[in-house]
Amino acid sequence: MNIGIGLTDSVVIVSYMLLVLAIGLWIGRGKQSSADYFLGNRSMPSAALLLSIVATETSTVTFLSIPGITAAAGGNLTFLQITIGYIVGRLFVVFVLLPLYFQGKPFTAYEVLETRFGRLSRRMVSTLFLVTRNAGDSLRLFLTALALQIVLGLDLTMSVIAIGSVTILYTFIGGAKSVIWNDCIQFIIYMLGAAIAAVIITDAVPGGLGDIIALAEAGDKFRFLDFNPSLVHPTMTFWAGLAGGAFLTAATHGTDQLMVQRYLSAKSQRGAAIALGLSGFIVLLQFAVFLLIGIGLAALFQTTGVTGGEQAMKSDQLFAYFIVNYMPVGLLGLTLAAVFAAAMSTLSSSLNASAAVFMNDLYKRSRQREPGSEMRANRTATIFFGIVQTGLAILFGMLESSESIVANVLKVAGFAIGPVLGMYFLAVFTTRVQQAHALAGFVTGVVVLSLVAFGSNVFWAWYALIGSLVTLAAGQLACVLDTRSLPMSETSGSPDKNSAT
């Protein structure tokens with residue numbers, strides 16, 4: 001597919017980009033401190049944080065590919081079961097992990113680990129976050145540019161540079177406030193694009209909503225629950241969604257700086273808890289919309305037999321195919337702006353979070369800075385990680401990475417979240433475990449999870465649960481086997497004993 005877009009749609013997309021930059025410029029005016037730049041001066045309202053949390057975890061790949069789940073032959077609503085676990089996992093974070101982040105005024109999630117175990121734990125997990133986060137998000141940037149190349153015929157490298165440059169600029173200028181407020185706009189844009197697409201799909205099916213429902217019922221596409229207990233079942237089950245989804249969310253929303261940074265930006269712990277708790281229900285509704293769009297797309301291509309639709313469905317590009325071929329002038333530009341919005345909400349959060357972790361967990365620990373240089377260093381770190389992600393995305397394009405290769409690399413990038421959650425379990429639920437035991441458990445968790453991911457057919461939704469529980473068990477076992485272990489009462493409050501540096 002190799003097409004171009006008209007002047008009207010181009011104007012819509014460019015106008016959206018300029019709006020994003022204008023917001024960044026306006027929010028970034030005047031002097032800023034590190035608290036302003038990384039945490040919005042800890043003054044962000046709950047409603048803004050709520051939309052920012054949802055927008056950040058919604059990438060372009062999510063926007064374009066989830067409809068393909070229900071559109072494909074045999075597809076149904078069972079993927080929605082994972083949102084049950086999402087809600088449970090968020091409640092765990094609200095009641096167990098969130099209070100840790102409001103003890104004092106930390107800048108990053110990983111300061112908690114230094115308090116409990118020692119500086120080496122904080123540095124190791126922070127470094128791992130920077131590597132996996134930037135690797136994973138450079139791949140998301142690549143996949144976004146790849147989608148635009150497929151549907152618009154744009155040059156892949158230029159697509160990467162365009163998205164990356166705009167995101168770097170408004171993140172560089174406005175910091176966390178710009179990221180969060182732009183997330184709110186981007187959430188509205190991509191959900192508006194999805195709603196418009198749903199209306200057009202319904203209108204395009206000859207029999208309208210009635211035919212869509214009839215065809216969906218005939219194909220069992222409204223099936224929601226699957227209680228298959230197998231760990232290797234190739235699609236989402238209730239147990240994988242509940243248990244796997246809960247542990248996955250506890251890890252991504254409870255220990256990942258990308259999300260924790262939003263809680264730390266709230267006016268209070270209560271405000272952060274409200275935003276996080278409600279976000280699970282918003283994600284449920286959002287996924288339901290995307291999956292129902294897929295059901296509509298299946299009905300559309302079944303009833304019209306449009307040339308190219310069958311191939312698009314096979315390659316999981318059906319929604320992109322629909323956008324390009326069915327959206328009217330103007331609305332096409334708006335929907336493509338929604339694709340950009342989904343990408344930039346994740347990438348901007350990644351840049352700001354990466355800069356915060358580097359500056360507060362690594363850079364500040366190793367050198368003294370002259371007064372007045374702090375903001376310059378913060379912004380330099382933002383640009384650096386933006387260049388890293390853009391450069392890696394271009395590299396993936398040059399290597400002509402296939403989607404299967406990309407999926408495996410994303411799998412590797414996600415290995416850390418389960419074992420990191422296990423580290424937090426050791427910090428919260430144990431008293432005798434010390435830094436050496438926790439690190440031994442963490443390494444064991446990563447190794448075991450690697451073997452599971454590449455040596456078995458275990459469904460991906462179970463990875464976070466396996467990684468965290470193995471880390472917890474291995475850390476406790478290391479403590480039991482270490483006869484030199486001392487009760488926590490003798491070591492707590494004495495960072496020098498726990499610190500390896």
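The questions and answers below go through this predicted model, from the whole chain to single residues.

Me: How many helices and strands are there in the protein?
Reply: The model is a predicted one. Its 501 residues include 57% that count as buried. As for secondary structure, the protein has 22 helices and zero strands.

Me: What percentage of the contacts with a separation of 6 or more comes from residues 24 or more positions apart?
Reply: The count takes in contacts in the protein with a separation of 6 or more. Within that set, the share of residues 24 or more positions apart is 85%.

Me: What percentage of the accessible surface belongs to carbon and sulfur atoms?
Reply: The accessible surface of the protein comes to about 19,900 Å². The part of this surface that belongs to carbon and sulfur atoms is 67%.

Me: How are α9 and α12 oriented to each other?
Reply: Helix α9 (residues 208-218) packs against helix α12 (residues 269-304) with the axes 9 Å apart and at an angle of about 95°. Angles of 65 to 115 degrees count as roughly perpendicular. Therefore α9 is, relative to α12, roughly perpendicular.

Me: How many charged residues are in the contact of α9 with α12?
Reply: On the α9 side, the contact is made by I212, L215 and A216. On the α12 side, I295, G296, A299, Q302 and T303 take part. By class, this contact has five nonpolar and three polar residues, and the number of charged ones is none.

Me: Is D256 buried or exposed?
Reply: D256 sits in the loop between α10 (238-254) and α11 (257-264). Leaving aside neighbours within four places in sequence, D256 is in contact with Y110, F129, R133 and A251. Buried means under 20% relative accessible area. The relative accessibility of D256 is 8%, so D256 counts as buried.

Me: What is the C-alpha to C-alpha distance between D256 and I417?
Reply: In sequence, D256 and I417 are 161 residues apart. In space, their C-alpha to C-alpha distance is 7.5 Å.

Notes:
Residues are numbered from 1 along each chain as its sequence is written. This is a predicted model: local features need pLDDT of at least 70, side-chain atom pairs count only at pLDDT 80 or more; totals for chains, interfaces and linings use all residues. Side-chain values use heavy atoms; hydrogens and water are left out. Axes are lines fitted to C-alpha atoms, for helices over the stretch in contact, and angles run from 0 to 180 degrees between N-to-C directions. Helices (H or I, at least four residues) and strands (E, at least two) are DSSP runs, numbered from the N terminus. Angles under 35 degrees count as roughly parallel, over 145 as roughly antiparallel, 65 to 115 as roughly perpendicular and the rest as oblique. Contact means heavy atoms within 4.5 Å. Ala, Val, Leu, Ile, Met, Phe, Trp, Tyr, Cys and Pro count as nonpolar, Asp, Glu, Lys and Arg as charged, and the others, Gly among them, as polar. Buried means under 20% relative accessible area, exposed over 50%, partly exposed in between (1.4 Å probe, protein chains only). Accessible areas come from the Shrake-Rupley method with a 1.4 Å probe; for residues, only the protein chains shown count as cover.
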